[in-house]
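I begin with the sequence and the structure.

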Amino acid sequence: MPAKRSFASDNNAGVHPSVLAAISRANAGHVVGYGDDAYTHAAERLFGRHFGAGVEVFPVFNGTGANVLALKALAAGSHHAVVCAQGAHVEVDECGAPEAWTGCKLISVPTADGKLTPALVESACHGIGDQHHVQPRVISISQTTELGTVYRPAEVRALARFAHGRGMFLHMDGARICNAAAALGLTLRQATRDLGVDVLSFGGTKNGLMGADAVVLFGRARTADFKYLRKQGTQLASKMRFLSAQLLAMLSNDLWRRNALHANRMAKLLEARVCRIAGVQVKYRVEGNAVFATIPPRAIDRLRKHYFFHTWDEEASVVRWMCSWDTTEDDVADFARHVAKAMRS
């Protein structure tokens, strides 16, 4: 298989050596399955140190599972609705899983930069108390957003205040919460719980894990029933220790922050490199580990002969280039050279 790193997705990156070592250490002897093991108990305690006492954490296999279960826990009935940004992962990249499993309607709202505001959410909240309309119950935001932008603390706090004032909940799809917190210079708690987030889908897979995410419940969202939802949702791992060992590795020795800071720095370096190339226009502010750029379709075709990446908007000819924990400066330099060559041809 080719060794060249791609810029298509941070899911394409390898597994951090510390995580592989943690999995190997956990692969010794027999332990009780389904989460009643020392590794999972240790992971729960470590999440408590990062997010504060009283949180509930449930390791799951992937981000789709985390999002679906989180929304199911918050939306009490199929007459409820989830408000999200247009293009949010829960709307366009979950194969309809949130609707299928929760029975709820997703109401998507157009945004300029991937970020919801209280005013935008309010514009989608119609028919409150009217039996003919679904009732908005959850605001779901992505951090970082699908456009690579980052919610500032005041923006998240305003959404939480809006939601709680109307009997709603705030869910954060934190597939890249580590990148966002690192970019903001915040702890994981400061970027989530302290801002009023009720449920967090904590992403680890995109930040160096082999395959482990988690649902973290705060305060009023805590429920004794979530363990049953996880089992019904096919997200209860029988050999839970191997998911928990990964999460332990990520949350120990600041690995989550180091990986995220590096990926973010590589994205800024890539932005600086491609901005020097005539005809390349960076579309959105580079705040996490994603670079969105507009380049001609012919240049896209030429570049794809050397590198795999995704076209985000075919009509506008916008591409997305993702950096990862294992992206190197040499990778960025080589990719930028190929971009320049494709633009010149």
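Which order do the strands of the open sheet of four strands have? I read the order as β8-β9-β11-β10, with antiparallel pairing. I count strands (E, at least two residues) and helices (H or I, at least four) as DSSP runs numbered from the N terminus, and two strands as paired if DSSP finds at least two bridges between them. β8 (281-282) and β10 (310-313) stand at the edges with a single partner strand each, so one side of each has no neighbour in the sheet.

I note that the model is predicted: local features need pLDDT of at least 70, side-chain atom pairs count only at pLDDT 80 or more, and totals for chains, interfaces and linings use all residues. Residues are numbered from 1 along each chain as its sequence is written, and side-chain values use heavy atoms, with hydrogens and water left out.

Next I looked up the pairing of β10 with strand β11 (residues 318-322), which is antiparallel over three bridges. Here H310 stands opposite R320 in β11.

I then turned to strand β7 (residues 213-217). Is β7 mostly covered or uncovered? I find five of its five residues buried, where buried means under 20% relative accessible area, exposed over 50% and partly exposed in between (1.4 Å probe, protein chains only). D213, V215 and L217 lie on one side, A214 and V216 on the other.

I also recorded the partners of β7. Strand β1 (residues 56-60) pairs with β7 in the antiparallel sense over five bridges, and V60 has D213 as its bridge partner. Strand β6 (residues 199-202) runs antiparallel to β7 and is joined to β7 by four bridges; S201 has V215 as its bridge partner.
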